[in-house]
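Here are my comments on the model, point by point. Have the coordinates open while you read.

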Amino acid sequence: MAVTQRQPSTERSPALLAVALVSAGAIGLEISFIRLFSASLGHDLAGMVISLALLGVGAAGSVLAIAGGRATERSDTLLFAAAAGFAVSAIICSVWGLSWDILPEAFAWQPLRLVKLGFLYVLLAVPFFFSGGVIGLTLATYKRYPGAIYSADLVGAGIGGGGALAAAYWLDPGHGILVASAAGFAAAAVFSTRNPKRWVPLSMAGLMVVCILVILALPSWRPSPHYSDYRDLGRALTAPDSEIAYEAWDPLGLITAVRSPSFPIRFAPGLSMNCQDPIPEQVGLYLNEGAHGAVTSAAEIPGFVRCLPTAAPFRLRPQARVLVLDNAGGLPVLEALAGGASQVDAVEPLSRLREALTTELAGASGNLYARPEVTLLPGTARAYVEQTDQTYDVIRVSFRGPAGPELSVGEDFLRTREGVAAMLSRLAPNGIVCFSRPMEALPSAGVRLIPLVADALEAHGLPEGTAAKDCLAIFRGPFTLTMLASTSPFTFEELMILRGFMDQQGLDPVWLPNMIPAEANLRNVLEQPLFYEAAESLLGPDREEYIDDYPYDLIPPTDNRPYFASVFRWGSAGELYAERMRGSMGLLQWTYLLLPITLVQAVAAGLLFIIAPLFIARRIAPEEETRLEPGPAARFTLYFIALGLGYMILEIIAIKRLTLFMGGPVQTTAAVLGPFLVFSGVGAGWAQRWVEHSAKRIRKVLAIAILVAAISAFVLFFMAARLPMWAGLPVLAKAGIVAAVVAPLAVCLGFPFPLGLALVSRRNPRWSAWAFGVNGCASVAGPLCAQLLAVEAGFGAAALLGFVLYPLAWFCLRAEKTERKRKRRSSGSSRRR
């Protein structure tokens, strides 16, 4: 095989720098979009929007595949235009997209809103179309260096992603978009250095400086989310005289505090209708436009907190040492103090809110956190109960976590068997864990709590002759369900105290160890005592049978499948939909159903972008002898689809699996995403040395890389289950451990793409850009597949599928070898004849 002269490194070095800049800007833009649209659309849907926006990469690959040599002949001009297009469209599309009022909750009764959402997908795809164009055209222009280009792409993305997530602690996402745009202008300046008109690169550099100066000099000018009148925050702001008292971006979302003098804000979940005490002035707290809690004026402890159902454990444990795992602005702390608590430790995962409660909002809380008996702690709830050696008389748990309103597909490591077991281990003798959550029309997540806590109690160990049902007390009001769990059985005197509390507050028992069925449905009357019937079955010998027959998923979640709020069961969907005219549509979990719906849309769009170029290219250039025939086209298509899906699934599952060790989703994403991409880039660069070798050698290298990746993946997921024992280490030390565990797998996963790209380029150089687009389109479905598999089958099953896709890709190349041998034998037989 003739070897063409290697292009001088000076020709491709500026291109590699520009690719790294565009990749860094693109991943930074994606993270900023996720944060911005989380605030306006909700976390689940925002992730889907960004995933589908990556279709722009596939579109760019398709366009370049059709354009072929016409694009590479004008590569200098087009690369500059694509980089500048990314920079400009990043700002324009974000400002325009954020002005759209889309209400996901209305999709059930207004399906046409999905069309509007589809237009938003297209809009968000535009900047990624330009960034994909930069990378794809660079691959086509410097086709002998796919490893180096892919390495620059991944290293740039890794640095940009890690930087964007680290900057989330001090830079809001609107300014993050400007930083991404500045990276695009810098790349355009690099591409235009060969332009004879010197004002072109200077103007691009000037626009980059303008973006940075806007961040520094005009902090109030930035793209911001649109406040929907249909969400909690938007409704609060429609009240006369309402005003924003505090607003700040936390890595976990947008925190907003609202004061409303004319129409006072009232936050008192489950407050008894018999309560005579007034609610003092409150400042409403909102996270990502969803109600998160309230700061209550507490110059004196208000009496109304004694009328909340979660005040019950303080009737049983006076002078308690209390741990609050859902601060909600301080209401649980006031509740504990009103109950006579001697010490209250409150965990607050939102760093900006934690600062505000002791500074800007300290006056609104009556300097609650300056009290000597109150301590405000950083970190997540699960991380704290895993690491602390303190014990408590009462642990207070609510179901409004750091992500705002409960999400059906959001990981929740606190409400798992292991999480509840960790809480039980932090109880003092005769201590109580108090759970509280909103009521549902049809018992679902509320009754799922019963087998979860019962399993954890049984695993923890109970006194001889004691069953889990003897250690539980459950009661309900019109709006909330409350559970008390102890590691020792409740005494007759304690049960009498609880009955007196329920009589006083107008609550109904759902389960008490010595209750009779007639007690279950007296005050807040239901047509049928569904909650009592569920508790009786779930705490009796028929637990497994009841769980199997129930219309919702009641199987207790684990750390391998930590989705407490995801109770959707496919077998019940048809039955609920058939009863839609009787109001059953509200019983379907639409936030979860949007995930498979979006996956179907993503796959359909991906197939369009992948298959269309194959047919279009054959029609517009039928005379090309080097075009891809149907057999090789199918095999290479499957090869790059497998790589895109497998890489994204493994990356996403690694992030989810290591969250427990790092202590929170933001820290974990920063610790995993950067090293994963950077080390994959190192692997791609290392693979460059084999690009010009024979196909046989390339297949051998791929086989070795996949084998080492299998061993590395096993070590990674084996270690992930054991790393939490070191969760008390400093964040930087934990990030170093994560990087060391991730590195071997990531390096191996960097090999297959550039080596496959080298093989497809030998068949037809124009298809290198197409292969990049195929990989990008498959990557769109990867996160959605990972999320669906994790919810339905757990992290282990999702990781296994992600890895199995790599041997499948290798067999595609093996089939290519087999077909070539068959053709050679066939041609030899023809010549002999």
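**Notes on the model**

1. Let's start with Glu 411, which is partly exposed at 31% relative accessibility. For the record, buried means under 20% relative accessible area, exposed over 50%, and partly exposed in between, with a 1.4 Å probe and protein chains only. Glu 411 pairs with Lys 656 in a salt bridge, 2.6 Å from N to O; the term covers a side-chain nitrogen of Lys or Arg within 4 Å of a carboxyl oxygen of Asp or Glu. This pair links distant parts of the chain, with Lys 656 in helix α22 (residues 630–657) and Glu 411 in the loop between β8 and α15, 245 residues apart. Lys 656 counts as buried, at 10% relative accessibility.

2. Some housekeeping before going on. This is a predicted model, in which local features need pLDDT of at least 70 and side-chain atom pairs count only at pLDDT 80 or more, while totals for chains, interfaces and linings use all residues. Residues are numbered from 1 along each chain as its sequence is written, and side-chain values use heavy atoms, with hydrogens and water left out. Helices (H or I, at least four residues) and strands (E, at least two) are DSSP runs, numbered from the N terminus.

3. How many salt bridges does a search of the whole structure find? The search gives 18. One of them joins Asp 559 and Arg 382, with the closest N and O atoms 2.9 Å apart. Asp 559 sits in the loop between α19 (543–549) and α20 (570–578) and Arg 382 in helix α14 (residues 381–387), so the pair ties together parts that are 177 residues apart in sequence. Asp 559 is buried, with a relative accessible area of 9%, and Arg 382 is buried too, at 6%.

4. For a local pair, look at Arg 235 and Asp 232, whose closest N and O atoms are 2.6 Å apart in a salt bridge. They are three residues apart in helix α10 (residues 232–237), which puts about one helical turn between them. Arg 235 is partly exposed at 43% relative accessible area, and Asp 232 is partly exposed at 26%.

5. Arg 317 deserves a look. You'll find Arg 317 in the loop between α11 (312–316) and β5 (321–324), and at 12% relative accessibility this residue counts as buried. What does its side chain meet? A polar atom of the Arg 317 side chain lies 2.6 Å from the backbone oxygen of Asn 430, and a polar contact of 2.8 Å joins the side chains of Arg 317 and Glu 494. (A polar contact is a pair of N or O atoms within 3.5 Å; within protein, one must be able to donate a hydrogen and the other to accept it, and residues adjacent in sequence count only if both atoms are side-chain atoms.) Leaving out residues up to four places away in sequence, Arg 317 touches Asp 393, Val 394, Asn 430, Ile 432 and Glu 494, where contact means heavy atoms within 4.5 Å.

6. Now the open sheet: eight strands in the order β7-β6-β5-β8-β9-β11-β10-β12, with mixed pairing. Two strands pair if DSSP finds at least two bridges between them. At the edges stand β7 (374–377) and β12 (508–511), each with a single partner strand, so one side of each has no neighbour in the sheet. Strands β9 (residues 427–438) and β11 (residues 480–486) run antiparallel and are joined by seven bridges; Phe 435 stands opposite Met 483 in β11.

7. Two helices lie across this sheet's strands. Helix α15 (residues 417–425) lies across β8 (392–398) and β9, at about 140° to β9. Helix α18 (residues 530–538) lies across β10 (472–476), β11 and β12, at about 25° to β12. Axes here are lines fitted to C-alpha atoms, for helices over the stretch in contact, and angles run from 0 to 180 degrees between N-to-C directions.

8. Elsewhere, strand β3 (residues 282–287) pairs with β4 in the antiparallel sense over six bridges, and Val 283 stands opposite Val 295 in β4. Their hairpin has two residues between the strands, and Asn 288 takes a positive phi near 55° there. Six of the seven residues of β4 (residues 290–296) are buried, so the strand is largely enclosed by the rest of the structure.
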